[in-house]
Structure formats: C-alpha cells, structure tokens
Amino acid sequence: MRELLTIKYNIDLSKGYILHVGGNAFYKNKLGVIEIYDQWAKDFKANVPLILVGESPSEELMFFKEKSIVSKSIYFITDSNDFQLQQFYQGASVMVFPSLYEGFGWPIVEAMASGSLVITTDEDPMKEVAGDAGFYIPKKIFNSEEIEKWKSISAKELEKVMQLTTEESMIAIQKSILRSKEFTAQNFVNSIENVYKQILLNK
C-alpha cells in the first residue's frame, strides 16, 4: 500500500506515516492534529510524515502548517477516492483522531477495520467506538496553559504508539480489527432490535 501511495502522491511513505481523516469543521480538531505532530517533533523525533486526508486546508491550517518545525513533512490530500482512502488507512502507522465531539465517529471504525491503530479523544462516542482497542488522549481545552499540557500529553501518547514493538503492534492491530467487527450492519440491526425489546418490556 505504502509503495503505491508513494508513487501516486510523490511522498516517501515507505517508513509509515501519521494519518488523519476528516473535514475542516471546528469539532474535528484538525488543527489539533498538526499541533500534536509539531509537539511530537519537538519532544521526540518526527521520522514519518503527517498525512491529512479530506477537504482543502483553511487559511488557519495553512498558517499553522507553515509555522511548524516539520512543515515540509505535513501533507494535505484532497483528491483521494474511496479506494485510495482505504489504502491510506491500511498503510498508516496510526490514525490520530482528536475530535472534540462526534455523532458517531466512522473514521475510527474504518481505520480499525483496515488494521490501523487509532489515537482518539478519551470521551464518548469516540471512546465508546474504539473501546479497548483505542489509544487515548484528553479532550483539548482552549486556554493557553491547558493547550500546552494537552499537546505534551498527546505527543507522549503518539510516541508510545510509534515505539510499540512488532509483537505489541500486531496484538494491537488484531484488537482493532476485532473491535471494528462489532460495528457491522447486522450488529446495528441487532442493537436496534434489543432497544425495542427493552422498550416493550418496560411498558
């Protein structure tokens, strides 16, 4: 996967990459992804690029990208189709998804189903979706002191995931795939059916 994406996008992804998938809406916290990556580079060593798949970046996102000490390793991908998106999931070292809130969090399921590890916010529904297969960071709080603390904690979690041994990584990937299977269409139908049964029993 990485070889095909490297050729298509002319970005060296052979050693892996940090992935984010999502739009530019405030609650997606795409800016937070860049902040985490930038802090990781400062505190540790950013030896793989950051790939952000989704909408074209806003002026604010471009401003923060250019300010980053690893600006040349941050890439916005805006022309991927569903097949290429799946390839990005499959080739990622980890997907970083620090959303402030979600209706559900489908990118988490998509990433896990593709065998990617996921770092996400320690809040529902993100935590509910990722379960024991996820790696967690706090929800971002928007004041200067707390943001610095949040970036540091998040960078440490990213480093922890990136430093997993081959065996630890394989175990974590297996957990991700198993977790994703709980969100099949049939399981959704079964869950709805159970809710209705509970309603009927409580009448």
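**Ground rules**

I number residues from 1 along each chain as its sequence is written, and my side-chain values use heavy atoms, with hydrogens and water left out. Since I work from a predicted model, local features need pLDDT of at least 70 and side-chain atom pairs count only at pLDDT 80 or more, while totals for chains, interfaces and linings use all residues.

**Entry 1: the sheet**

I looked up the strands first. Strands (E, at least two residues) and helices (H or I, at least four) are DSSP runs, numbered from the N terminus. Six strands form an open sheet with parallel pairing, in the order 3-2-1-4-5-6. Two strands pair if DSSP finds at least two bridges between them. Strand 3 and strand 6 are the edge strands, and each pairs on one side only. From one strand to the next, the twist averages 25°.

Which residue of strand 4 is the bridge partner of Ile18? I found Val94 there.

**Entry 2**

Two packed helices are described by the angle between their axes and the distance between the axes. The axes are lines fitted to C-alpha atoms, for helices over the stretch in contact, and angles run from 0 to 180 degrees between N-to-C directions.

Helix 2 and helix 7 have axes that come within 8 Å and cross at roughly 70°. That makes helix 2 roughly perpendicular to helix 7; the label covers 65 to 115 degrees, with under 35 roughly parallel, over 145 roughly antiparallel and the rest oblique. Contact means heavy atoms within 4.5 Å. Among the residues making this contact are Glu35, Ile36 and Trp40 of helix 2, and Lys151, Ala155 and Leu158 of helix 7. The contact residues divide into seven nonpolar, four polar and five charged. In that sorting, Ala, Val, Leu, Ile, Met, Phe, Trp, Tyr, Cys and Pro count as nonpolar, Asp, Glu, Lys and Arg as charged, and the others, Gly among them, as polar.

With helix 3 (residues 59-67), helix 2 packs at about 0°, and the axes are 10 Å apart. Helix 2 is therefore roughly parallel to helix 3. Here Lys30, Leu31 and Ile34 of helix 2 meet Glu60, Leu61 and Phe64 of helix 3.

**Entry 3: a lysine I wanted to check**

Lys151 is found in helix 7. Is Lys151 buried or exposed? Its relative accessible area is 11%, so Lys151 is buried. Buried means under 20% relative accessible area, exposed over 50%, partly exposed in between (1.4 Å probe, protein chains only). Leaving aside neighbours within four places in sequence, Lys151 is in contact with Glu35 and Gln39.

**Entry 4: the cores**

A nonpolar core is a set of buried Ala, Val, Leu, Ile, Met, Phe, Trp, Tyr and Cys residues joined through side-chain atoms within 4.5 Å. The largest one has 27 residues, and Ile18, Leu50 and Leu158 touch the most other members. Helix 2 gives the most to this core, with seven residues. Leu158 touches Ile18, Ile36, Trp40, Val94, Val96 and Ile119, not counting residues up to four places away in sequence. I also noted a second, separate core of 26 residues, including Ile11, Leu85, Met95 and Phe183.
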